[in-house]
Amino acid sequence: MRFDIVIVLYNSAQWLPVCISALKGVSYCLKQLHLVLVDDHSGDDTGGFLDVLAAEEDNGGFGGLTILRNQSNVGF
C-alpha cells in the first residue's frame, strides 16, 4: 500500500532535516511513501533544503517526491 505524506512548510529550515531523517527511520518500506512538501513562501533556507532534497537522484530513498512552492503565504 502506498501512502502520500503531505507536509506544509513555513520557515521550517531548522526542523525539516530532522523531520525527513525521522521519516527515513520508519520501519515501513520507504519506496511506498510519497512525500508532498508544500513551501508556503518561506523566508528562511527552507527552499534551499528542498532544492538539495530534490537534487538527490533517489529522492532520499522515498518512492516519490513532489515539491510545491507557493508564491505567497496562503496558510493552511
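Guide: Before we start, a residue is called buried when its relative accessible area is under 20%, exposed when that area is over 50%, and partly exposed in between. Please keep in mind as well that this is a predicted model.

Visitor: Is aspartate 51 buried, partly exposed or exposed?

Guide: Aspartate 51 has a relative accessibility of 44%.

Visitor: Which residue does aspartate 51 meet in a salt bridge, and which elements hold the two partners?

Guide: Side chains of opposite charge can pair when their charged atoms come close. Here the side chain of aspartate 51 meets that of arginine 69, with 2.6 Å from N to O. Aspartate 51 lies in helix α2 (residues 46-55), whereas its partner lies in strand β3 (residues 64-69), so the pair ties together parts that are 18 residues apart in sequence. The partner, partly exposed at 38% relative accessibility, is arginine 69, and the elements are helix α2 and strand β3.

Visitor: How many salt bridges does the structure hold, and which residue pairs with arginine 2?

Guide: The structure holds two salt bridges, and one of them involves arginine 2, which counts as exposed at 54% relative accessibility. In that bridge the closest N and O atoms are 3.0 Å apart, and the residue that pairs with arginine 2 is aspartate 4.

Visitor: Is histidine 34 buried or exposed, and which side chains does it join in polar contacts?

Guide: Histidine 34 sits in strand β2 (residues 33-39), and its relative accessible area is 13%, so it counts as buried. Leaving aside residues up to four places away in sequence, histidine 34 touches several others, including Phe3, Ile5 and Leu65. Its side chain makes a polar contact of 3.3 Å with that of arginine 2, and another, at 2.9 Å, with the side chain of threonine 66.

Visitor: Which residues make the nonpolar surface patch?

Guide: One member is tyrosine 28, in the loop between α1 (16-24) and β2, which is partly exposed with a relative accessible area of 32%. The patch covers about 400 Å², and its residues are Met1, Phe3, Val26 and Tyr28.

Key
Residues numbered from 1 in each chain as written. Predicted model: local features only at pLDDT ≥ 70, side-chain atom pairs only at ≥ 80, totals over all residues. Heavy atoms only, no water. Helix = DSSP H or I, 4+ residues; strand = E, 2+ residues; numbered from the N terminus. Buried < 20%, exposed > 50% of the residue type's maximum accessible area, 1.4 Å probe, protein only. Polar contact = N/O pair within 3.5 Å; in protein donor to acceptor, adjacent residues only side chain to side chain. Contact = heavy atoms within 4.5 Å. Patch = residues over 30% accessible without salt bridge, like charges linked within 9 Å, V, L, I, M, F, W, Y side chains within 5 Å. Areas by Shrake-Rupley, 256 points an atom, 1.4 Å probe, with all protein chains shown as cover. Salt bridge = Lys/Arg side-chain N within 4 Å of Asp/Glu carboxyl O.
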